[in-house]
Structures are given as structure tokens and as C-alpha cells.
Amino acid sequence: MNKTINQKAWFFVVPVFVLVAFNAAIPLMTVVNYSFQETFGNNVFAWEGTRWFKQILLSERFHDALGRQIAFTFIILLIQIPLGIGIALTMPKKGWGVPVCLILMSMPLLIPWNVVGAMWNIFALPDIGFLGYSLNAIGFDFNFTQQPGDAWFTTILMDVWHWTSLVVLLSYAGLNSIQPAYYQAAEIDGASRWATFRYIELPKMKKVLTLAILLRFMDSFMIYTEPFVLTGGGPGNATAFLSIDLVKMALGQFDLGPAAAMSLIYFFIVLLVCWVFYSLMMKNEVKS
Amino acid sequence: MSLELKNVEKKVGIETHIYPTNIKLEKNTINVLLGSTLAGKTTLMQIMAGLDKPTSGEIWFNGENVTGKQVQKRNVSMVYQQFINYPSFTVYENIASPLKITGVNSDEIKERVGKVAELLKLSAMLDKKPDELSGGQQQRTALARALVKDSDLILLDEPLANLDFKLREELREELPKLFEDRECIVVYATTEPSDALMIGGNTATILEGKIIQYGKTLDVYNRPENLTSAKVFSDPPMNIAEISKSGDTCKLIDNSVQWKSNVKIKDGNYKIGIRPHNITTYKEGNNTVEINGKVLISELSGSESLIHFTNGNLNWVSLSNGIQQKNIGENTKLFMNVDEFLYFDENNRLVNHG
């Protein structure tokens, strides 16, 4: 077969190329640029090599922020995934209840992040907020602006409220794609409810759950707006997760070099975890 | 052992899915439920299994009223059109699963699974997961799961419908042998008359939630009680025409075809049903009559030729052996096998045969 050479075809590629360059490659390269240099403003740069990377990787501040971040992500995944599956299992499969449930479930997802933060801030205020006031009224000494434990509790509760729906909707879609014949087969075998869940529903939901865990991991690992509005990272640094700490460093202290290095390390952690997790989950799929 | 439905009726909302039905299935029989999609075959099977409760009526099994008895407590198994296996289990674990739940000891499980796997040609695949198998093998696994537990009632709901032609032919031939020396009642639902003929046993023709006729498969085929049953049990669809008879002469109402017949029925008007394979491009049988037609469509199906043609106001279908090329619009001559005509009276009941 003879190939005709048509150089004009390149013009069709150019728009995508430019788009990707502007929204991904160029900003990323700027960060890479900053991460190896020191700047004092006025466009004066000095080469620093890997100094900022070493500094960040060895700094206690980064370790603490990373630790808090991992703990936070771990806790919310541990709550949201089982809770999401659980809610999806109890949702009706037909009738008027379906749209009602779906709309109710979608609501939190439609609210902008900063509004969620502001809502929960007011909701949890110990003197006027419904949650904070009620908790104090029944005898808990609750004050999320001053006590780290309470701040964590509120942040986690907020995230669970905001994002469990996503897991619910994905799981619900996964459950609905299971043919009724599977349930009948299990019924004929006399399989228990648990066995039906464990050996039919869970394996059939594997793909959507992988997706749900990945999405929730990425989102929670990069969480910024909601805790920023809710606690501002406080009290002290109690809820200063990676993003919050990063912004403090970059904009608060104007340490552009270390902040850039931290951004890159942060980026690679997210990438690495996603890759490892995805390859593990999909290991068996590739085989078949 | 017998399964009996007594006046079983199923309504969902205001819709009736099954009209009051009586049927008795005997021990060691294969019973085909033959009817088109949505005729109620699946509903009927689910009621038989106890997966679904009838709105009214009773189900008796072995002289015991099992209406409303939970399916787990009835010794039944079912195979579906979709290949239903536990996705995370290997083939071995899948086949063993019904036995494990009932607490059979592991040596016996091993033996029984091995036996069934061999019967269904799965021995080499016992360590694989269902999604590593072809559709045919997945369905074999599902069949093995149904066979392994010595059920009293085995329900097969269009088990071959999702298989491609070759696998389907292969499995269809094996099926009747699988049940040969088993103490059970087999119910097999299908939309295809050829499946029923191949499987033999008994057949119930079903239309729109009603059992039209139940009996030995060949009897139902050769002597359909009425026109509806004949229509259900004919693919390609049966040719139906109105005729008048006087003396030993019969003719189509439009006088286009005339033949001698020795059927012992009164003179008058009747309907005849002619199966497509009784209209051929060559003479078949001792007693044939010519019909002229204008070809509408001519198509090949395997080694058979389907010719759709018009004669008078009616469209006809003929099915001949071999490759018979006809051009669209061509005027052609075909032969009808008079001995195979089915005669129906004004109430659409079969009055005589041949």
C-alpha cells in the first residue's frame, strides 16, 4: 500500500498540542524551573540544584503535613467507601424512590467547596452553630476552633457529608448493572445475604469501586478549599494538610523554591500511589 | 415424582402475565416451554421454581403443596440465558458451590464435581475463572452447577440463546443425553421450534400467558389442536389460507389452486395450515399440487432456501432443501405436499390431518 504524505495533517494536531502545552506542560515546567533555583524577585535567579528537594524531604514540617494528609485520607476512605456501599445497597431499585434518592444523593456534590466549608464552619460553631451548640448542650466540650481533635472531627464529618454521595452513586450504578439472574442463582443455591454480597455484588462492583477509591484518594489527598474555609489549617497546624501547608509556604512566606520542590514531591506521591493502586487492582484483569 | 400447577395465575398490577394454568409434569421427562419472547415462559418457570409466587393457584410437587415454599428449601436448579457464574470463583469452585452450601463433605464434592466436569467437557478448565472462558464454556459451567446437585427440578431458561450458532448446535445435541439417566423433571424454555423438535420429550406451546397445548413433542407438532398452537410451533411461520371443500375437491377461496383430498370432513369452508417445508421447488410426497407464485424474496439459510412469494392476495413462505436460486419478481412454480396439510374449522380447531 502506498502512503500519501500530507504535511497539512500537522495543522490538525497543533490545537491539541498548544492546549496541552498551555494547561499542563508550561505551568509544570515553571514549577520545575523554580524548584531548582533561588529567587529574590526582580527576575533574578540563582541555581540551587537539588537543595530545595533535600530540604523539603528532610524537614519536619513536611513530614508532619504529609502524616496529617495520609491520616486524613486514610480515615475518610475507611469511612466513605463502606458507608457509600452500604447506602447504595439500601437504596430502592425501582419505583418513585429511585429519583428521590438520586437527587438527595447528588445535592452535596453540587455545592461549591468553599460554600461547604462556610456551611460547616457556621454549623459547627460552639456558640451559634446547630451542631456545635447541640454537642455542648448535651455535655460535650466541643470547640473546633480551639481543640485539634474537634477540628479533625468536624473536617472529617464535613468531607464524609460532602463526598460519600459520590461513592454511593458509583456503587449504585455498579449494583444496578448486575443482572437479576445472579441474585436468583444465589437464592437457589441458598446463599446468605453476606455471601451474595461477598461473591456476587462485590466482585461485580470491583471496577466502579476501584474508580471510586481512586477519585476519593486523589481528591482528599489534594483537599484545600474546605478545610481552608473551615479551620484555616488550625488550631495551630492541626489541620494543615499538604495543600494548605504548601500555599502557606508559597504565598505566605514567599519561599518559591522550596514550595515548588514540595509541589513536585506532592505531585509524584499522588501519581505513584494512583499508579501502584491501579496496577494492583487491574492485575487480574489484564491477564484475561 | 411430579410437578403440578393447579389454576396458577400471575398478575402484576392490572396486567395478567399468566392466565389460570393447569399442567402436570411427570418424573424423568424433559418438557419444552415453547413460545415467543414475553409469552410468559420465564414467569412460569420462576413460579415452578418458587422464585416467584403465583397470584392465585397452587403448585404441588410429589404430592406436597409447595406454593410459597422458599426456593432454597426446594431442590431445584436453574440455568439462564445469560451465563450466570460466581465471577470470583474458579470453574471448580463454581460447580462445587451448591454442594458446599448444603454441607457435602469435601471428598464427595471432589468426586461429583469431577464427574460432572467430565460430562460437560470442562475437566481442563477447572482452575480458570469464568471470564477467561468462552461463552460456550461459561454456559457449560452454569449447566454443571445445575447438574451437580441432583435436583428434583432442573429449569433451563433459553440456555442456548446467547451462544453462537456452532456452539449452540453442539450443546443442543448434548443436552438430552445429560438428563437421560437422571431422576428429575427438566423444563426447557425456548423460542425456537427446532429446539423443541431436537430435544423431544413433551412440549407446551405458550402464547400470551396461556398454555395452548401440552403433549408429546411430536404429537403437538404433527397434530396441533388448533391454529394458535400450530403457529407457535412453526418457524418460519406457517402458511394459512382459506379453502372450500365440496366432495373430494378442495380449492383455495380464490380458485387459484385446486386439489383432491380424502380428508374425512364435511363440505364447507376451512382454513388450511401448510408448513413452509411442505411447499418446495421440487415434488415431494406422493400427492402434490402445483402453486404459481411471484417471488418476493429468495434467501439462503445454511443449505436450505427460503422463498417468499405471492399467490393471489396472500404471501407464502416455502422452504426447500439445497440451493434454489430465484430472482425477485420471477414467476415460479412450486409444489405443495397435500398429505401434510392441516385443516382447521371456523373455531380454528384442527379437524383432520392429511
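How many residues does the contact take from chain B, and how many from chain A? The first legend has the answer, and every view here comes from a predicted model.

**View 1. The contact between chain B and chain A.** Chain B puts in 19 residues and chain A puts in 15. On the chain B side, the elements giving two or more residues are strand E6 (76-79) and helix H2 (91-101). Sorted by class, that side of chain B comes out at 12 nonpolar, five polar and two charged residues. As for confidence in the complex, the predictor gives an ipTM of 0.77 and a pTM of 0.77.

**View 2. The hairpin of strands E9 and E10 in chain B.** Here E9 (residues 202-207) and E10 (residues 210-216) of chain B run antiparallel, paired over six bridges. Look across the pair and you'll find B:Ile206 standing opposite B:Ile211, which sits in E10(B). Two residues lie between the strands, and B:Glu208 takes a positive phi near 45° in this hairpin.

**View 3. B:Glu346 and its loop.** This residue is in the loop that links strand E20 (342-344) to strand E21 (350-353) of chain B.

Chain B has a mean pLDDT of 86, with 99% of its residues at 70 or more.

Technical notes
Residues are numbered from 1 along each chain as its sequence is written. Chains are lettered from A and ligands numbered from 1 in the order in which they are written. This is a predicted model: local features need pLDDT of at least 70, side-chain atom pairs count only at pLDDT 80 or more; totals for chains, interfaces and linings use all residues. Two strands pair if DSSP finds at least two bridges between them. Helices (H or I, at least four residues) and strands (E, at least two) are DSSP runs, numbered from the N terminus. pLDDT is the predictor's confidence in each residue, from 0 to 100. Two residues are in contact if their C-beta atoms, placed from the backbone, lie within 7 Å. Ala, Val, Leu, Ile, Met, Phe, Trp, Tyr, Cys and Pro count as nonpolar, Asp, Glu, Lys and Arg as charged, and the others, Gly among them, as polar.
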